[in-house]
Amino acid sequence: MSNLRKVNDDIFREWFKFREETCFCITDDEDKKHKINLEEIGNRILKNVPSQNQKYVKSQLELLDNNLFDYISYWNEKYYRNGFCDLVKMVMEGLDK
């Protein structure tokens, strides 16, 4: 059996992107309770920053936003990919017996 964890472009990645765009979006009141509204938080921070520093602080907040998104995306994909690979491995081993 090939090593599923080393695949870079596969159906699982496409499925994960689809789920991210459809099912992982905010769909109900419970989802809204757990939303991180970085734009609103950033605007509140910028209101309390002197005008001469706002451009720099805004760029740092955008960097933080991008970094947080990359971090979450990386760990979500790694977690789900490994879980999926473990499941496939268990099924394949069960079928071999």
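Predicted model: local features only at pLDDT ≥ 70, side-chain atom pairs only at ≥ 80, totals over all residues.

User: Which residue classes make up the contact of α3 with α4?

Analyst: The contact includes Leu38 and Ile45 from α3, and Lys58 and Asp65 from α4. Sorted by class, the whole set comes to 6 nonpolar, 2 polar and 2 charged residues.

User: Are α3 and α4 roughly parallel or roughly antiparallel?

Analyst: Their axes come within 10 Å and cross at roughly 160°. Angles over 145 degrees count as roughly antiparallel, so α3 relative to α4 is roughly antiparallel.

User: Which residues does Val57 touch, leaving out those up to four places away in sequence?

Analyst: Val57 sits in helix α4. Val57 and Ile45 are 12 residues apart in sequence, yet their C-alpha atoms are 8.6 Å apart in space. Ile45 is one of the residues Val57 touches.

User: Which element gives the most to the lining of the second largest pocket?

Analyst: That pocket has a volume of about 220 Å³. The elements giving two or more residues to its lining are α3 (38-47) and α4 (54-96). With 7 residues, the top contributor is α3.

User: And how many charged residues are in the lining of the second largest pocket?

Analyst: The lining includes Glu39, Lys58, Glu62 and Asp65, alongside residues such as Leu38, Ile41 and Asn43. By class there are 6 nonpolar and 2 polar residues, and the charged ones number 4.

Conventions
Residues numbered from 1 in each chain as written. Heavy atoms only, no water. 1 Å grid on protein atoms, 1.4 Å probe; cavity = no way out; pocket = protein on both sides within 12 Å on 5 of 7 lines; lining within 4 Å. Points joined across faces, edges and corners; volume = space filled by probe spheres on them. Helix = DSSP H or I, 4+ residues; strand = E, 2+ residues; numbered from the N terminus. Nonpolar A, V, L, I, M, F, W, Y, C, P; charged D, E, K, R; others polar. Axes fitted to C-alpha atoms, helices over the stretch in contact; angles between N-to-C directions. Parallel < 35°, antiparallel > 145°, perpendicular 65-115°, else oblique. Contact = heavy atoms within 4.5 Å.
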